[in-house]
Amino acid sequence: MTANKGMIPAWVIGEFVGTFLLVFFGCGSVCAAVTTGAQVGVFQVAIVWGLGIATAIYLTADLSGAHLNPAVTISLAVWSDFPKGRIAGYIATQMMGAFVSAAMLYVIFGGAINEFETKNNIVRGVVGSEASAMVFGEYYPNPLGKPLKETNLDRMCQWRAFTAEVVGTAILLLVIFCTTDANNKNNPQILTAATIGLTITILISLLGPLTMACFNPARDFGPRLFSSMAGWGSIPFTANGIGWLTVYIIAPIMGGLLGGGIYRFFFRPYYRAHVLR
């Protein structure tokens, strides 16, 4: 049966809803952890992220392929057969889903965020308010609910943060490509989404304390833009200097291309060779 004229394309629904859920579950866990102390330790936040992403993939993969991440979309267009003409549409839809999800989280957690800021003498929109803005966008090193200080850069400077995001995204894309390759005899099939979610959990557990573990430009930029419009002003785009662009947009895209390239040249030929034996 063909779709009726005027209907929203399935891929738009898939990417919008999937990215909305990814941000709602993931950033929601950060909101709860920072403002209420609901989660204790990075792993509890990480496992919510992982389960949330797995859920989003299970719901939307049949509609859009469940990219939910510009780094995935670009890498699939370069290293696989995803149509390049859909790159802009997919990324725009992902950004919108992330932005709307951040707005919904603000409606729900707005009171808790205000209380957290009052209790910790945080003035929204001035230097130091990244301590609360972190529930939406990402910062390095992880503010952990406190204002960043110059000495924090000893723990995670920009080039280290950039490297961490490249490597983390490369690993994520390598897992995505390998687990979805039909020629991989050990691909997890029905557990593919769970495997990807578990990979996210592991990566956040390792890199979350350092860069907040982005790996997804839409997950960061949509909520970051919303926070700027919701009272944090220029802080989301100045707290780390140009890092919002280099670390959280360029690095994940480069990492995605790196992970896809490793799969394309070192894994896919061997998967196919096994089939031909």
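Helices here are DSSP runs of at least four residues, numbered from the N terminus. Keep that in mind, since helix labels guide the whole tour. H9, for instance, is the helix that gives the most to the lining of the largest cavity, with three residues. One caution before going on: this is a predicted model.

Start with how helices pack. Helix H1 covers residues 10-36, and helix H4 covers residues 87-119. Their axes come within 7 Å and cross at roughly 25 degrees. Angles under 35 degrees count as roughly parallel. That makes H1 roughly parallel to H4. The crossing of H1 and H4 is right-handed. What kinds of residues make up the contact of H1 with H4? There are 22 nonpolar residues, nine polar and one charged.

H4 also packs against H8. Here the angle is about 50 degrees, and the axes of H4 and H8 are 8 Å apart. H4 and H8 are therefore oblique to each other. H4 passes H8 in a right-handed crossing.

Next come H3 and H6. The axes of H3 and H6 come within 11 Å. They cross at roughly 60 degrees. H3 and H6 are therefore oblique to each other. The handedness of H3 passing H6 is right-handed.

A pair of aromatic rings is described by the distance of the centres and the angle of the planes. Phe99 and Phe226 form such a pair, with 5.7 Å from centre to centre. Their planes are 80 degrees apart, and the pair is edge-to-face. Which parts of the chain does this pair tie together? Phe99 lies in helix H4 and Phe226 in helix H8, residues 217-232, so the pair links parts that are 127 residues apart in sequence. A search of the whole structure finds 17 aromatic pairs.

Rolling a probe the size of a water molecule over the atoms shows where empty space is left. Begin with the pockets. The largest pocket has a volume of about 810 Å³. Its lining holds 42 residues. Gly65, Ala66, Val72, Ile176 and Thr180 lie nearest the centre of this pocket. Several helices give two or more residues to the lining: H2 (42-64), H3 (70-79), H6 (158-179), H7 (192-211) and H10. Which helix gives the largest share? H2 does, with six residues. By class, the lining of the largest pocket has 26 nonpolar, nine polar and seven charged residues.

The second largest pocket holds about 390 Å³ of space. It is lined by 18 residues. Nearest its centre lie Ala33, Val45, Met134, Asn142 and Leu144. H1, H2 and H7 each supply at least two residues of this lining. The lining of the second largest pocket divides into 12 nonpolar residues, five polar and one charged.

How many cavities of 30 Å³ or more does the structure hold? It holds one. About 30 Å³ of space lies in the largest cavity. Its lining includes Glu138, Tyr139 and Arg224. Pro236, Phe237 and Thr238 are also among the lining residues, as are Trp244 and Tyr248. Two helices give two or more residues to the lining of the largest cavity: H9 (235-238) and H10 (243-276). By class, the lining of the largest cavity has six nonpolar, three polar and two charged residues.

Finish with the backbone. Most residues other than glycine have a negative phi, and most peptide bonds are trans. Two spots deserve a look against that background. Ala66 has a positive phi of about 50 degrees, although it is not a glycine. Where is Ala66 placed? Ala66 is in the loop between H2 and H3. Ala66 is also one of the residues that lie nearest the centre of the largest pocket.

The other spot is a peptide bond. Tyr140 and Pro141 are joined by a cis peptide bond, with omega of about -15 degrees. Pro141 has its place in the loop between helix H5 (130-133) and H6.

Notes
Residues are numbered from 1 along each chain as its sequence is written. This is a predicted model: local features need pLDDT of at least 70, side-chain atom pairs count only at pLDDT 80 or more; totals for chains, interfaces and linings use all residues. Side-chain values use heavy atoms; hydrogens and water are left out. Axes are lines fitted to C-alpha atoms, for helices over the stretch in contact, and angles run from 0 to 180 degrees between N-to-C directions. Angles under 35 degrees count as roughly parallel, over 145 as roughly antiparallel, 65 to 115 as roughly perpendicular and the rest as oblique. A crossing is left-handed if the near helix is turned anticlockwise from the far one by less than a right angle, and right-handed if clockwise. Ala, Val, Leu, Ile, Met, Phe, Trp, Tyr, Cys and Pro count as nonpolar, Asp, Glu, Lys and Arg as charged, and the others, Gly among them, as polar. On a 1 Å grid over the protein atoms alone, a cavity is a set of points where a 1.4 Å probe fits but cannot get out, and a pocket is an open set with protein on both sides within 12 Å along at least five of seven lines; lining residues have an atom within 4 Å of a point. Grid points are joined across faces, edges and corners, and a volume is the space filled by probe spheres set on the points. Rings of Phe, Tyr and Trp (its six-membered ring) pair if their centres lie within 6.5 Å; planes under 30 degrees apart count as stacked, over 60 as edge-to-face and the rest as tilted.
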